[in-house]
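Q: I am new to this structure. Could you walk me through it, one feature at a time?

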Amino acid sequence: MGRVTEQISEDSDLVVRMAGVTVRRGRTSLVRGIDWSVELDERWVVLGPNGAGKTTLLRLAGAELHPTTGTVHVLGEKLGRTDVFELRPRIGLCSAALAARVPPEEKVSDVVVSAGYGVIGRWREQYDSMDIGRAEELLAALGIKHLADRLFGTLSEGERKRTLIARALMTDPEMLLLDEPAAGLDLGGREDLVARLSEFALDPDAPAMVLVTHHVEEIPPGFTHALLLREGGVVAQGLISDVITAENLSATFGQDLELDRFGDRFFARRRTGAVATEG
Ligand SMILES: Nc1ncnc2c1ncn2[C@@H]1O[C@H](COP(=O)(O)OP(=O)(O)OP(=O)(O)O)[C@@H](O)[C@H]1O
């Protein structure tokens with residue numbers, strides 16, 4: 001027999017639930033003691049310095065990684081007791097690792113539409129017309145419809161990111177995971193992406209979202225919650241307005257940081273004359 005599933009009826013609005021989660025490799029803990037829940041209508045940002053464990057956390061949420069200790073439930077299914085190959089199509093993932101697997105000679109429209117078939121790049125000579133229509137809509141929503149016939153390898157970094165977000169949305173996922181979507185974008189590209197992600201975040205029909213970033217400037221308005229990570233442990237988590245503070249950011253990044261808030265946007269910098277503090 002293969003598949004045993006565990007439904008969590010009392011927590012049906014939870015798309016992610018982690019309890020006491022640690023991931024170890026050898027003597028290193030990539031993340032440790034994580035207790036974290038994401039509800040259907042929440043949009044989370046996971047923030048922390050290089051090596052803090054952000055991608056590890058996202059891979060747990062994406063059912064790509066199992067915890068060494070503790071329990072992880074994703075979309076009501078307990079990892080280790082469910083078939084992750086049935087779970088993954090319900091999750092939209094956009095990451096540098098995925099981008100690296102897209103063949104450069106793939107047409108942009110094929111990169112998007114093939115997500116519906118669980119493969120990367122061209123698979124069939126003919127796709128279903130409804131799928132092609134949906135891929136076109138998503139490319140339009142991300143402002144890159146005009147690139148549908150271009151080859152993925154000829155796109156700029158920002159255009160690739162948008163293509164992969166369109167792909168991640170193709171299967172109408174219940175949860176969207178974005179690992180550093182603004183990395184490598186210029187100022188205009190970042191601002192454009194932040195605005196588009198903000199539109200998604202404010203759409204009540206959009207899936208739950210988790211966005212990993214190093215920069216508070218990249219938090220799209222409409223995101224509701226934040227989790228700050230340092231050296232694999234949670235520094236703070238909860239509502240963005242409670243968590244994104246100069247004090248919490250300073251503890252997370254080991255620097256004395258100042259924070260400005262303009263409307264729903266945040267901007268951080270090192271306090272003048274301050275030096276880095278030891279972890
Ligand atoms: N297989 C492994 N064996 C040992 N250490 C690992 C392994 N995989 C990851 N690590 C370490 O675990 C830590 C967390 O990695 P992770 O990629 O989750 O961090 P991150 O916060 O996403 O970092 P970045 O912002 O640089 O992408 C890093 O210090 C990394 O070097």
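This is a predicted model: local features need pLDDT of at least 70, side-chain atom pairs count only at pLDDT 80 or more; totals for chains, interfaces and linings use all residues.

Q: How do E3 and E8 run, parallel or antiparallel?
A: Strands of a sheet pair through backbone hydrogen bonds, either parallel or antiparallel. Two strands pair if DSSP finds at least two bridges between them. Strand E3 (residues 43–47) runs parallel to E8, and five bridges join them.

Q: In which sense do E7 and E8 pair?
A: E7 and E8 pair in the parallel sense, over five bridges. In that pairing, Leu176 stands opposite Met209 in E8.

Q: What unit do E7, H7 and E8 make?
A: They make a right-handed β-α-β unit. A crossover is right-handed if, with the strands pointing away from the viewer, the path from the first strand over the helix to the second runs clockwise. Here E7 is 175–179 and H7 is 187–202.

Q: How many residues of E8 are buried?
A: A residue is buried if 20 or more other C-beta atoms lie within 10 Å of its own, exposed if 12 or fewer, and partly exposed in between; C-beta atoms are placed from the backbone. In E8, six of the six residues are buried, so the strand is largely enclosed by the rest of the structure. Ala208, Val210 and Val212 point one way from E8. Met209, Leu211 and Thr213 point the other way.

Q: Which residues have the most contacts inside the largest nonpolar core?
A: In soluble globular proteins, nonpolar side chains tend to be buried together. A nonpolar core is a set of buried Ala, Val, Leu, Ile, Met, Phe, Trp, Tyr and Cys residues joined through C-beta atoms within 7 Å. The largest one here has 76 residues, and Val46, Val112, Leu177 and Val210 have the most contacts inside it.

Q: Which residues does Val112 touch?
A: Two residues are in contact if their C-beta atoms, placed from the backbone, lie within 7 Å. Leaving out residues up to four places away in sequence, Val112 touches Ala135, Leu138, Leu139, Thr163, Ala166, Arg167 and Met170.

Q: In what order do the strands of the open sheet stand?
A: The order is E2-E1-E4-E5, with antiparallel pairing among these four strands. Strand E2 (28–39) and strand E5 (77–78) are at the edges with a single partner strand each, so one side of each has no neighbour in the sheet.

Q: How many bridges do E1 and E2 pair over?
A: They pair over eight bridges, in the antiparallel sense. Arg25 has Thr28 in E2 as its bridge partner. E1 and E2 form a hairpin with two residues between them, and Gly26 in the turn has a positive phi of about 60°.

Q: Which residue in E4 is the bridge partner of Val16?
A: The partner is Val74. Strand E1 (residues 14–25) and strand E4 (residues 69–74) pair over five antiparallel bridges.

Q: What is the phi of Leu75?
A: Most residues other than glycine have a negative phi, and most peptide bonds are trans. Leu75 is not a glycine, yet its phi is positive, about 50°. Leu75 lies in the loop between E4 and E5. Glu180 also has a positive phi of about 50°, and is placed in the loop between E7 and H7.

Q: Which residues surround the ligand?
A: A residue is near a molecule if its C-beta atom, placed from the backbone, lies within 6 Å of it. The shell includes Arg25, Thr28, Lys54, Thr55, Thr56 and His214. E2 and helix H1 (54–61) are the elements that give two or more residues to it. H1 gives the largest share, three residues.

Notes. Residues are numbered from 1 along each chain as its sequence is written.
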